[in-house]
Amino acid sequence: MANKPIKVALIGNPNTGKTLLFNQLTGLNQKVGNYPGVTVDKKEGVSKLSATQNAIITDLPGTYSINPTSMDESIVLKTLLKKDIKESPDVILVVADVENLKRNLLLFSQIKDLEIPTILAINMVDQMHKKGISIDVSVLKEELNTEVVLISAKKNEGIKEVKEAIIRCHVAAKASPLCGINHKIDPDYFAKLKEISPNYSLYELWLMVTQNNFPETITASEKAALLSFKQDISKLKKYQHKETIYRYQEINKILKKTYLVDKSKASDVRSKLDKIFTHKIFGYIIFFLILLVIFQSIFDWASVPMDFIDGLFANFSELVKEALPEGVFTDLLTDGIIPGIGGVVIFIPQIAILFLFIAILEETGYMSRVVFLMDKIMRRFGMNGKSVIPLISGTACAIPAIMATRTIGNWKERLITILVVPFTTCSARLPVYAILIALIIPDTKIFGLFNLQGLVLLSLYALGFGTAILAGYILHKTLNINSKSFFVIEMPNYKIPSFKNVFFEVVEKTKAFVFGAGKIILALSIVLWFLASNGSSDFKNAEKNVSKLDVSQNLPSDELDKKIASYKLENSYIGMLGKSIEPVIRPLGFDWKIGIALITSFAAREVFVGTLATIYSVEANDDDVTTIKQKMASEINPETGEKRFNFPVGMSLLVFYAFAMQCMATLAIVKKETKTWKWPLIQLVGMGLLAYVSSLIIYQILS
Amino acid sequence: MRDFLYQNLSTIASLQIGEIGYISEESLDNIPLKLLEMGCLPGAEVQLIQIAPLKDPIYICVNGSHLAIRTETAAQIKILKSE
């Protein structure tokens, strides 16, 4: 590329189709991380503007104003106040919804006053005719003193014009405030404010004062001078109110000249749908039915590809074993790495289905109705209607769910939501549940309709939600945090979801999840394999020791090999580790092999299945390659001669995994979001104790 | 805007479903900044669309924005009814 890429920040109200425009501009050239270490705050993509010019587009969280009231909105302000050459945007692209142009222009007017080159893209213009809206673009351009482009991100119209406008805007580098607003409220006051620093526009200085948000580039004396403005808080508040009203007056003046709505064309599809979805009885029934469909499909639809993947990896392992010469490396591959990776890949179908449903619910606008229905109920449990979204997306993964709590303005409600989200059944628990349920619950139908295994899975989800809610109630009553509550949510118009958006969302989330978890699992399975294939002197002398014991019995050679393999595993490092914790977990019905899986799955729950797979493959005879499920089903408890995974043990394990905080990544993200180790530690200990006690009770009752 | 009769001085929380009112100038200080920014301005027309099943929050349309707010906030915003 001949020219330096232009840095473009994409900003807009929520529900304006901002994400779709981002996807249209960048295609698959995006980078997003949903895992700790990689920040989720910033979604970046490269867009080819012309043959010689690229742009780096940053998608900022949706916001109604740059005065933040929640954590994700403060990210927008922070980015815009940066004066660092590397990060501050060259051009700001504001996306507005044609139907809500007035409210969208408020954000635009604030951005414009930052005196950074700005473009206004008015989206969803394909709806204009139907809604009876007409816009005089040339007058609007003049009045707003900016580039205005009409687009339809959905129909991929106007995208080329947006790209051209970015280049023109960057070249012209014209940036003037729109309202010059603050002079008109109190000229002396704002003149004094402007004197503080020549490096910032008046509006930027005003934002620093009102939002208490100072960029690193500001000097100490400037900061002190700005802080002196904060002494009269009531005056600040009054001026902010005045500022907003003044902005709306100016916007109204402009829209009067340029924007016309023929109200006779308004349709009432929205109100009809609202009557159903927010109905006091049907509203809840529909919500419950949607949840039921989601969970049934996770178990029913996903089982086909999952069985296929499970079989595939078993065959692959066998193939590799035959193709490669015997040796340490082949062992590592077939007993360590392949079963380990299989343990991650196997639950791609379930995660994808979950993310698919969540993306559709958000895209259609239905999620806001759920928030509306649930707010009062959630408040009794110390949370907020908006907590429902993290609790539902927690069923996919707690990490994005905890990040999703950033939209909750009230700190106490947000903290409680963060603390209880890990109780919801995340997809990492699914492989554990799926395999245990398949082992201990018969595959029969109840009333010829519901699959019994599916119903057990559904009740585990209910257990997770129930515990989350209950824990919320306890925290609500015990946590002594005073935080003023204010709640508002937009009820967007119903929309048919964009296939492209849903597809990108599913691919991106699944990818982040698999690679994030995949790295941990791969590393752990190698470590595990090493610890299982090496050990003390007893391990090295396994063959001698076993033969000595069996001299009198004259076992056939393959039986003897099996005995040697078991003996080796028991005396390997990992075996020693498992044995050392066996006394603690024996009352729960677990042996030392399950103990090993419990230890390794502290990294991530899904490692449980992979660990057992690795342990049983190391132990099994070389020609004995089977699926994970078969391996677990044939595992025998030597004390009773019964199956190891019988009903009491299975139930005890299910409950243990429902409650225990076994996810390092979640602990890390909770630390990041709460800025202290206190809360993740409380989660770890609290959930661990609950898991231990509950499993103990369940096993002792059932066995 | 000033044509209506000053008959009823009440709050958004006291509206019936479908009923329309106008936000009064005097409650400006009681409107949180965020709500102002979302279009809930003095003088604006506000219509109650729906009340959540447990009587809270409420769903309103103001200045073209469709919003859900809690009744405790709504009860602080005075309105004038036009009937």
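Which helix of chain A is A:I285 found in? I looked it up, and A:I285 sits in helix α13 of chain A (helices are DSSP runs of H or I, at least four residues, numbered from the N terminus).

Notes on the model: this is a predicted model, where local features need pLDDT of at least 70, side-chain atom pairs count only at pLDDT 80 or more, and totals for chains, interfaces and linings use all residues. Residues are numbered from 1 along each chain, chains are lettered from A, and side-chain values use heavy atoms, without hydrogens and water.

Next I checked the cover on A:I285, which is partly exposed at 42% relative accessibility (buried is under 20%, exposed over 50%, partly exposed in between, with a 1.4 Å probe and protein chains only).

Then I turned to the contact between the chains. I found 39 residues of chain A and 31 residues of chain B taking part (contact means heavy atoms within 4.5 Å). The two chains bury about 3100 Å² between them, 61% of it on carbon and sulfur atoms (the accessible area, 1.4 Å probe, lost on being put together, summed over both). On the chain B side, B:K34, B:E37 and B:R70 lose the most area to chain A, together 24% of what that side buries.

I also looked for salt bridges (a Lys or Arg side-chain nitrogen within 4 Å of an Asp or Glu carboxyl oxygen). The interface has four. B:K34 pairs with A:E73 in a salt bridge, with the closest N and O atoms 2.8 Å apart.

Notes:
Helices (H or I, at least four residues) and strands (E, at least two) are DSSP runs, numbered from the N terminus.
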